[in-house]
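Student: Could you take one part of this structure and go through it closely? Please say where the residues sit and what they meet, and then how the rest can be read in the same way.

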Amino acid sequence: MINYHLTVSGRVQGVGFRWSTYQLAKQLGLTGYVQNLMNGDVYIVVQGPHKTVRKFVNQVKEGVSPYSRVDKVQIQPGNLIDDHDFSIKETW
């Protein structure tokens with residue numbers, strides 16, 4: 001199991017990016033959350049098996065919404081969390 005914290009920059013708010021990220025994570029069986037940041041970026045905490053999380057990250061880099069544009073993804077390893085679901089959180 002691995003845990004990553006992603007900060008996604010580009011056209012990622014107001015284009016269905018959080019919802020599409022949520023759907024992808026649920027489809028892959030991952031846990032964590034996705035959240036808009038006040039500066040226009042999107043913050044994602046994702047956790048699951050190595051191979052599945054890497055697949056998720058690659059798809060996020062490509063843009064999970066057809067209306068989004070991902071310019072940059074910063075990835076930081078995180079500590080494993082005791083979470084059993086993936087959710088959409090309010091703006092932080």
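Tutor: Start with Tyr 33, which is buried because its relative accessible area is 18%, under the 20% limit for that word. Keep in mind that this is a predicted model. Tyr 43 is buried as well, at 13% relative accessibility. To see what these two residues have to do with each other, turn to the aromatic rings. A pair of aromatic rings is described by the distance of the centres and the angle of the planes. Searching the whole structure gives three aromatic pairs. One of them is formed by Tyr 33 and Tyr 43, with 6.3 Å from centre to centre and 50° between the planes, and it is tilted. Tyr 33 belongs to strand β2 and Tyr 43 to strand β3, so the pair links parts of the chain that are ten residues apart.

Next comes the loop between β2 and β3, where Asp 41 lies. Asp 41 is buried, yet it has no salt bridge. Its nearest side chain of opposite charge is that of Lys 72, at 8.2 Å; a salt bridge would need the nitrogen and oxygen atoms within 4 Å. What Asp 41 does have is a polar contact of 3.1 Å between its side chain and that of Ser 9. If neighbours within four places in sequence are set aside, Asp 41 is in contact with Thr 7, Val 8, Ser 9, Val 12, Gln 13, Gln 35 and Asn 36. The backbone nitrogen of Asp 41 also lies 3.0 Å from a polar atom of the side chain of Asn 39.

Asn 39 is in the loop between β2 and β3 too. Is Asn 39 buried or exposed? Its relative accessibility is 58%, so Asn 39 counts as exposed. The C-alpha atom of Asn 39 is 19 Å from that of Gly 63, which is 24 residues away along the chain.

Pro 66 lies in the loop between α2 and β4 and counts as exposed, at 72% relative accessibility.

Charged side chains are the next topic. Side chains of opposite charge can pair when their charged atoms come close. The structure holds two salt bridges. In one, Lys 26 pairs with Asp 85, and the closest N and O atoms are 2.5 Å apart. This pair links distant parts of the chain, since Lys 26 is in helix α1 and Asp 85 is in the loop between β4 and β5, 59 residues apart. Lys 26 is partly exposed, at 37% relative accessibility, and Asp 85 is partly exposed at 38%. In another, Asp 71 pairs with Arg 69, with 2.8 Å between the closest N and O atoms. Arg 69 counts as partly exposed, at 40% relative accessibility.

Finally, consider helix α1 itself, residues 17-28. Its twelve residues reach 16 Å from the first C-alpha to the last, close to the expected 16 Å. The buried residues of α1 are Phe 17, Ser 20, Thr 21, Tyr 22, Leu 24, Ala 25 and Leu 28. Among the elements that cover them are β2 (31-36) and β3 (42-48), the strands that hold Tyr 33 and Tyr 43. After α1 comes Gly 29, with a positive phi near 75°.

Definitions and conventions
Residues are numbered from 1 along each chain as its sequence is written. This is a predicted model: local features need pLDDT of at least 70, side-chain atom pairs count only at pLDDT 80 or more; totals for chains, interfaces and linings use all residues. Side-chain values use heavy atoms; hydrogens and water are left out. Helices (H or I, at least four residues) and strands (E, at least two) are DSSP runs, numbered from the N terminus. The expected span of a helix is 1.5 Å times one less than its number of residues. Buried means under 20% relative accessible area, exposed over 50%, partly exposed in between (1.4 Å probe, protein chains only). Contact means heavy atoms within 4.5 Å. Lys and Arg count as positive and Asp and Glu as negative; His and the chain ends are not counted. A polar contact is a pair of N or O atoms within 3.5 Å; within protein, one must be able to donate a hydrogen and the other to accept it, and residues adjacent in sequence count only if both atoms are side-chain atoms. Rings of Phe, Tyr and Trp (its six-membered ring) pair if their centres lie within 6.5 Å; planes under 30 degrees apart count as stacked, over 60 as edge-to-face and the rest as tilted.
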